[in-house]
Amino acid sequence: VSITGPVSASTYFGNGSSLTGISNGLVLGHGVNSLQSALTTTPAVAAAELSIAIGNNVTVESLSTGMIAIGNNINGTFTNRDHSIAIGGGVILENNGFESVAIGSGSRGEDYSVSIGAGASSVGHSISIGKSAAAGGAGSIAIGSGSVSTAAGTNPRTIAIGDKASATGVG
């Protein structure tokens, strides 16, 4: 069977083994037991073992075992981003973003951190939730749009809750 137009589950029955002339949306990645999308302008690349890369120009490098990247323009070196999740456009996991989560357009995460919201950023064992929320340093938490929590010196754990709230550790 040769197909030249769109195919939906309601128009085709079977396992697809006899179809030609169409591209698959999700295909096996380059890494062992990995999955990547193929129907975008710049196909995704899942080079790491147990990884998932879905979206236009999304790349999971070979040393990022178990990473999930979904969105647009999530690329770069992503080396040693083991077991991390990046969802959104232009999401960045920096340095050794081990076990980090960054969700939201332009969000950033580093080293065991969680960043949720457009432009949210977290560094080293910190949490930021909200548009442009920023948590910097071990144990810092920033919750709220534009909130900032900065750890310093001997007081690494600071908490800022509320829109545009600010907390700075003194060291």
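Reader: What pLDDT does the protein chain average?
Author: This is a predicted model. The protein chain averages a pLDDT of 82. 77% of the residues score at least 70.

Reader: And where does pLDDT stay under 50?
Author: Over residues 7–16. The model has 3 contacts beyond four places in sequence for that stretch. Where pLDDT is low, the predicted coordinates should not be read in detail.

Reader: OK, sheets. What is the order of the 6 strands in the open sheet?
Author: The order is β8-β10-β12-β14-β16-β18, and the pairing is parallel.

Reader: Which strands stand at the edges?
Author: β8 (92–94) and β18 (166–168). Each has a single partner strand, so one side of each is left without a neighbour in the sheet. On average, neighbouring strands of this sheet are turned by 10 degrees against each other, direction ignored.

Reader: How many bridges join β16 to β18?
Author: 3, with β16 covering residues 148–150. The two strands run parallel. V148 stands opposite S166 in β18.

Reader: Switching to β4. How many bridges join it to β6?
Author: 5 bridges, and the two run parallel. β6 covers residues 68–72. I52 stands opposite I68 in β6.

Reader: And β2 with β4, parallel or antiparallel?
Author: Parallel, over 2 bridges. β2 is residues 35–37 and β4 is residues 52–56. L35 stands opposite I52 in β4. I52, then, faces L35 of β2 as well as I68 of β6.

Note on methods
Residues numbered from 1 in each chain as written. Predicted model: local features only at pLDDT ≥ 70, side-chain atom pairs only at ≥ 80, totals over all residues. Heavy atoms only, no water. pLDDT = per-residue confidence, 0-100. Contact = heavy atoms within 4.5 Å. Pairing = 2+ DSSP bridges. Helix = DSSP H or I, 4+ residues; strand = E, 2+ residues; numbered from the N terminus. Axes fitted to C-alpha atoms, helices over the stretch in contact; angles between N-to-C directions.
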